[in-house]
Each structure stands twice: as C-alpha cells, then as structure tokens.
Amino acid sequence: MKLIKQFDIILLLLWYPVIYPNDTLFPSLIIDQNIRVNYTPTVLVYAIDNKDVQKAVKCAVELKRDIVSRSGGHSYEKYGLGGRNNVIVLDLTFVNGITINSEMETAKIGARNRLGNVYNQLNQAGFLIPAGLCPSIGIGGHALGGRKYGLACDSMEIVDAKGEILQVDSILNADLYFALRGAGGGSYGIVTYFVFRIHRTPPQVTYMELAFNRANMTQEYQLFDAFNEVGPLHDDGIALKMRLNKSSLSITGLYLSPRTETLNAMKEFLSKVPEPISIPKFIPQTFYESFETLSKSPNKYEVVNPVHHPNFFKAKSFVVKGKGLTRQAIKVLVDFLNGASCKILASFDLFGGAANVYDSSSSFIHRDALYCIQMESDWEAKDQNTKCTDEINEFGKNFQLNFTSDESYQDFIDRNLDDWQTRYYGNIFGKLVKIKRKYVIQLSSKYPCTGLEKFRYRIIMKYSQL
Ligand SMILES: Cc1cc2nc3c(=O)[nH]c(=O)nc-3n(C[C@H](O)[C@H](O)[C@H](O)COP(=O)(O)OP(=O)(O)OC[C@H]3O[C@@H](n4cnc5c(N)ncnc54)[C@H](O)[C@@H]3O)c2cc1C
Ligand SMILES: *[C@@H]1O[C@H](CO)[C@@H](O)[C@H](O)[C@H]1NC(C)=O
Ligand SMILES: *[C@@H]1O[C@H](CO)[C@@H](O)[C@H](O)[C@H]1NC(C)=O
Ligand SMILES: *[C@@H]1O[C@H](CO)[C@@H](O)[C@H](O)[C@H]1NC(C)=O
Ligand SMILES: *[C@@H]1O[C@H](CO)[C@@H](O)[C@H](O)[C@H]1NC(C)=O
C-alpha cells in the first residue's frame with residue numbers, strides 16, 4: 001500500500017481546504033486504517049478552527065447534505081467517512097492544538113490529535129492520560145466512545161447541528177455531556193476540543209511480557225484460571241492484556257510502579273500461571289517508553305508522527321462478566337482459532353479500577369465487567385473480504401449467545417452486530433435517543449421537511465437511529 005507523503009499533503013490542504021473527488025489527492029485522503037470497506041464522500045473539507053466547523057455545518061444544512069467528522073480515521077466501519085457514500089466529510093486534521101495547564105492538571109486537546117502526539121506532548125510536561133495503545137487513533141472518536149480506564153474528560157466544545165458552539169460539562173448541557181461520554185462518536189455534533197484531567201507521570205513504570213505454551217490445553221486453561229481469578233484483584237495501576245491466536249499465547253502488561261513493587265504485586269498471579277516458554281520480562285521504563293513498546297510501532301518517529309497502516313480487517317467485541325470464560329467457552333474459542341481459514345487474534349483486556357466505578361454522568365455502560373475481548377480477523381486481499389467477514393461474524397454471534405454477556409464495546413464498532421442498541425448502550429438507549437432529539441432532530445422544525453427527508457439534517461453518521 002502506497003504511503004501518503006503527509007508533509008506535502010498538509011501544505012496543499014492549507015491552501016485548498018476543500019477537496020473534491022476529481023482532485024488527484026482525493027483517493028489517498030480517503031484511505032484510512034481499514035480498507036475492507038471504503039466510501040466516497042461528496043467532498044472533504046479541512047477545518048482549522050471552530051469557525052470553519054460552523055461554516056461547514058451550516059452549509060451542509062443549507063445543502064441538505066449529511067455531514068460527518070473525521071478525527072483519526074480509525075473507525076472499524078469507516079464511520080469517519082460517514083459509513084456510506086456521498087456525505088460531506090469534515091476532517092479535523094488541523095484542529096490539533098494541545099494546551100497544558102500544569103497547575104490545574106488539565107489539558108485542552110484539539111479533537112484531531114492522534115494518541116501518539118498526545119502522549120508525547122503530555123510526557124514532555126510530565127503528565128499522562130490513560131488511553132488506548134495505537135498511536136494513530138484520533139482522540140476525537142476515541143474519547144467519545146468512552147473509556148474503560150476512566151479517561152476523564154471534564155468539558156468539551158461542540159459544534160451542534162445548527163452550527164452553533166456549545167460548551168458542554170457536568171453543569172452546562174449536562175445531558176449532552178452524559179451522552180457524549182460513551183455514545184458521542186458521530187452522533188450529537190462535532191466536538192472540536194476536549195479538556196481532560198491529566199495525571200503526573202510516575203518516575204518509573206514496569207513493562208511486562210510473558211509467553212506461554214499455546215499447544216498444551218491444560219496449560220492454557222491454567223493461564224485463563226489465573227487471569228480470571230487473580231486478574232481482577234490487582235489494583236488500578238496494573239493493566240493486563242492477554243493475546244491468543246493460532247500459534248501464540250501471551251500476556252503483556254504495565255504497572256505504574258517500579259520493578260520490585262511490580263514483582264511483588266504480581267506474585268500471586270505469577271504463582272498460578274503455567275510455566276512460561278521464555279524468561280518473563282519485567283522491564284523498568286518511563287511511562288512514555290512503555291507506550292512506545294506497547295504501541296508496537298516500527299520506530300520511535302512513528303509514535304509521534306503516526307501514520308495509518310491500512311489493512312483488511314473485521315473485528316468483534318465481547319464483554320465478559322462474572323467469573324470469566326468457562327472451560328467449554330475456551331475450548332470452543334481455541335478450536336475456532338485452530339480451524340479458522342483467516343488469521344484471527346483474540347485479545348483480552350482486563351477491566352477493573354475506574355472502569356467498574358459506576359458514573360452517572362457517562363453513557364459508557366460496561367461497568368461490572370471482568371474483561372473485554374476483541375477478536376480481529378486480518379487478511380491480505382479484497383477477494384477474501386466475504387469469506388473472512390462471514391467466518392468471524394458467524395462465530396461471534398454464537399459465541400456471544402452461548403458464552404459471554406450481551407454487551408459489546410462501541411469503540412470497536414461492528415456493523416453486523418444485531419441488537420446493537422442494547423449491546424452498546426444497555427437500558428440507557430432510550431435516554432440517548434431523547435437527548436439526540438433535543439439537540440439534533442429539533443432542526444426539522446426550523447427547516448420543515450417531510451418523511452425521510454427530515455433525517456437529512458441529522459449530524460449522525462453511525463447507526464442511523466441514535
Ligand atoms: C489499529 C487500532 C487499534 C485500536 N486500539 C484501541 C485501543 O487500544 N483501545 C480502544 O479503546 N480503542 C482502540 N481502537 C478503537 C478506536 O478507539 C476507535 O475506532 C475510535 O472511534 C477511533 O477514533 P478516530 O477519531 O481515530 O476515528 P474516526 O474514524 O475519525 O471517528 C470514529 C467515529 O467518531 C466520530 N468522530 C470522530 N471525531 C469526532 C468529533 N470530533 N466529534 C464527534 N464525532 C467524531 C466519527 O464520525 C466516527 O463515527 C483501535 C482502533 C484501531 C483501528
Ligand atoms: C471538480 O469538482 C468540483 C465539484 O463538482 C467542481 O466545482 C470543479 O470545477 C471540478 N474541477 C475540475 C478540474 O474538474
Ligand atoms: C501439558 O501441561 C501439563 C501441565 O503442565 C503437563 O502435565 C502435560 O504433560 C503437558 N502435556 C503435554 C502433551 O506436553
Ligand atoms: C500469532 O501472534 C504472534 C505474536 O503476535 C504472531 O507473531 C503470529 O504471526 C500470529 N500467528 C497467526 C497465525 O496469526
Ligand atoms: C452455540 O449456540 C449455537 C446457536 O444457538 C448452537 O447451535 C451451538 O451448538 C452452540 N455451541 C456450543 C458449543 O455451545
């Protein structure tokens with residue numbers, strides 16, 4: 001896949017912020033992370049500030065076109081391009097400021113910053129936020145999906161469906177604040193800035209890596225037992241991820257403490273896991289170094305200047321509660337991975353800490369969870385799209401029905417998911433719709449229209465009904 005020469009493009013876009021499909025640049029600008037699906041927007045508009053965003057929204061309303069915003073372009077179903085053809089895509093590439101207030105311990109972050117830039121800039125000031133691991137994810141789509149480790153967003157600036165700027169926090173437009181934090185991606189308006197609470201980086205953290213025998217089922221069960229039983233007992237400072245595919249079984253982790261304390265905190269877990277197949281790694285690092293390691297970037301430069309690595313993939317997510325997967329479920333999963341015709345990886349993110357603290361001002365509902373499983377199928381060429389997508393869809397449906405909770409994680413968005421309303425938003429879905437009506441659909445009275453036409457004024461891109 002041809003890599004885009006980002007620097008050239010940025011210069012050009014500053015001169016020509018509106019790019020039509022007949023432009024030679026256009027094709028490269030609509031390639032994002034996932035190339036299994038793609039859509040052709042009517043036009044790409046590059047905004048620099050709130051004013052540009054307002055202008056674009058007002059135009060869209062006048063032209064009766066749907067408008068969608070793209071931050072990092074990481075949506076699994078390309079909702080950053082609208083999830084269908086012929087919408088106006090407002091790209092936030094240049095809404096990328098970061099202002100750190102060390103005293104207040106907050107950072108005002110433009111929606112399009114990629115996680116790599118965010119970690120890097122905060123690190124230089126001695127701070128961190130707990131967020132995802134992939135450097136090229138946009139903070140926009142990411143934060144609006146809600147976060148399991150309690151990514152705390154104190155306030156936001158949003159351009160609403162009328163093109164007006166709203167301040168959103170726990171007091172001002174509190175219902176919108178609730179909706180945006182969990183169900184916000186593409187649904188309620190365009191968030192241009194976030195104010196996050198930031199945390200001082202500890203002087204040292206410990207990166208962990210353990211590899212296990214994938215061929216021995218007894219040992220596999222043993223590892224799951226340890227993960228299920230001891231995992232949740234760890235304190236908030238520990239993040240653990242288990243990865244399982246056809247040929248490998250491993251755990252990576254991070255503890256926000258020095259090595260000795262980490263070994264101590266991990267003692268019980270380590271006493272229960274099967275014999276590792278290589279010497280376990282407990283590497284003392286700075287927080288930023290650990291992000292570099294965990295991000296699996298090809299080099300340090302790319303962590304700060306992230307680019308997409310376009311590939312064909314389809315992902316499912318499962319929220320597991322109670323005591324974790326049963327042996328039968330593990331067996332079914334392992335058999336599937338062994339026999340699958342496409343390359344599939346299952347990753348288990350241990351929840352805990354802030355994730356499980358109920359927060360009535362957030363629409364992130366996956367609270368009493370043990371872990372979230374992401375299953376991702378990857379393949380090499382378009383002609384495998386149908387086969388690989390069908391394979392994982394079919395498995396996912398039965399696996400969820402038989403072995404996991406009904407919930408799925410909205411940031412791993414999945415267009416083939418049935419009953420997504422309750423899987424993503426549980427019993428608050430109705431409330432989310434009401435809030436949406438209040439802030440978005442009310443436009444139809446200002447611009448009267450009938451039938452389906454009415455919905456053309458919405459600023460909503462993902463899953464039409466919300
Ligand atoms: C390789 C990879 C690794 C990932 N790793 C993790 C991980 O470790 N942890 C995790 O939790 N998630 C992870 N994700 C998922 C990621 O958090 C979501 O896909 C997220 O929605 C991406 O945000 P984005 O801004 O990059 O995407 P975009 O495609 O730009 O946007 C996603 C959605 O949000 C909307 N949106 C974007 N910006 C705004 C805005 N400013 N205002 C309103 N709506 C907006 C879009 O319209 C779209 O519907 C990963 C994704 C990929 C592809
Ligand atoms: C490209 O398309 C736009 C919008 O349809 C049009 O205004 C413009 O004239 C076209 N440019 C060229 C060179 O054809
Ligand atoms: C699998 O692991 C168990 C427990 O460590 C061990 O007793 C058993 O011999 C192993 N089986 C094989 C086939 O190596
Ligand atoms: C399984 O994962 C390992 C480690 O990430 C990777 O090296 C290997 O290629 C993967 N194998 C398959 C079949 O996906
Ligand atoms: C899972 O559920 C499906 C559909 O209900 C069923 O056909 C299948 O046999 C179940 N599999 C297992 C291993 O329980």
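The buried residues of α10 are covered by elements including α4 (115–124), β7 (127–128), β12 (205–212), β14 (249–255), β15 (281–285) and α11 (300–304). Helices (H or I, at least four residues) and strands (E, at least two) are DSSP runs numbered from the N terminus. This is a predicted model, in which local features need pLDDT of at least 70 and side-chain atom pairs count only at pLDDT 80 or more, while totals for chains, interfaces and linings use all residues. Residues are numbered from 1 along each chain as its sequence is written, and chains are lettered from A and ligands numbered from 1 in the order in which they are written.

In α10 (residues 287–294), F287, S290, F291 and E292 are buried, that is, 20 or more other C-beta atoms, placed from the backbone, lie within 10 Å of their own. Just after α10, K296 has a positive phi of about 55 degrees.

## Ligand 1

The shell around ligand 1 holds 33 residues, of which G72, G80, G138, G141 and G186 come nearest; a residue is near if its C-beta atom, placed from the backbone, lies within 6 Å. Two or more residues each come from β3 (67–70), α5 (139–144) and β10 (190–197). The most, four residues, come from α5.

## Ligand 4

Around ligand 4 are N245, K246, S247, S248 and K343.

## Whole protein

The protein has 16 helices and 18 strands. Of its 466 residues, 45% are buried.

How values were computed: Buried ≥ 20, exposed ≤ 12 C-beta atoms within 10 Å, placed from the backbone. Contact = placed C-beta atoms within 7 Å.
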